[in-house]
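Reader: I have a model open and want to learn how to read its surface. Where do I begin?

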Amino acid sequence: MSGNGKKVADIAFKASRTIDWDGMASMLVSSEARKEFANLRRAFDEVNQELQTKFSQEPQPVDWEYYRKGIGSRLVDMYKEAYDSIEIPKFVDTVTPEYKPKFDQLLVELKEAEGASLKESERLEKEIAEVQELKRTFSTMTADEYFAKHPELRKKFDDEIRNDYWGY
């Protein structure tokens, strides 16, 4: 096996150890996202397993002397010469330079989306806390206390009363 294949297998193995699959899975909220994530992980594991089994092992060297004893040196020498003349082409990566800028752009967009998501998450958590507080105090709250927290509603109701609009 060529050294490049072994390097690819080693890199894939190391990458699989550094991926926080459980951390990513804990961020998913919908069942469809969990299903797609499971498909992604299964595909990654299959490719990684194939890389580990096919490309991580060096081939056994050919024992030419064993074959010379059984077949004869002339035929074995001919096969050995043909075997030694085989050149395995080196892998040339032409895909990474093409997709690296696109991937980097996606990472930038991902960071922006993550920031927006965190801001929205904070806003929603504050809103949830406000609603829970309102729920806790609602049964004993007066209209003045409620309007003190929501002055825009007081203005709206005052305008409706002033304009003699009673909702029908």
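Author: We go from the whole chain to one surface patch. This is a predicted model, in which local features need pLDDT of at least 70, side-chain atom pairs count only at pLDDT 80 or more, and totals for chains, interfaces and linings use all residues. Residues are numbered from 1 along each chain as its sequence is written, and side-chain values use heavy atoms, with hydrogens and water left out.

Reader: How many helices and strands are in the chain?

Author: Helices (H or I, at least four residues) and strands (E, at least two) are DSSP runs, numbered from the N terminus. Here the chain has 8 helices and 0 strands.

Reader: What share of the residues is buried?

Author: Buried means under 20% relative accessible area, exposed over 50%, partly exposed in between (1.4 Å probe, protein chains only). Buried residues are 9% of the 168 in this chain.

Reader: Which residues make the nonpolar surface patch?

Author: Nonpolar side chains (Val, Leu, Ile, Met, Phe, Trp, Tyr) are joined within 5 Å. Areas come from the Shrake-Rupley method with a 1.4 Å probe. In this model Val62, Tyr66, Tyr67, Ile71, Leu75, Met78, Tyr79, Tyr83, Ile86 and Ile88 form a patch of about 1100 Å².

Reader: Which helix gives the most to the patch?

Author: H5 does, with 4 residues. Helix H4 (64-70) and helix H5 (73-85) each supply at least two.

Reader: Where is Leu75 placed?

Author: Leu75 sits in helix H5. Leu75 is partly exposed, at 38% relative accessible area.

How values were computed
Patches are made of residues with over 30% relative accessible area and no salt bridge: like charges are joined within 9 Å, nonpolar side chains (Val, Leu, Ile, Met, Phe, Trp, Tyr) within 5 Å. A salt bridge is a side-chain nitrogen of Lys or Arg within 4 Å of a carboxyl oxygen of Asp or Glu.
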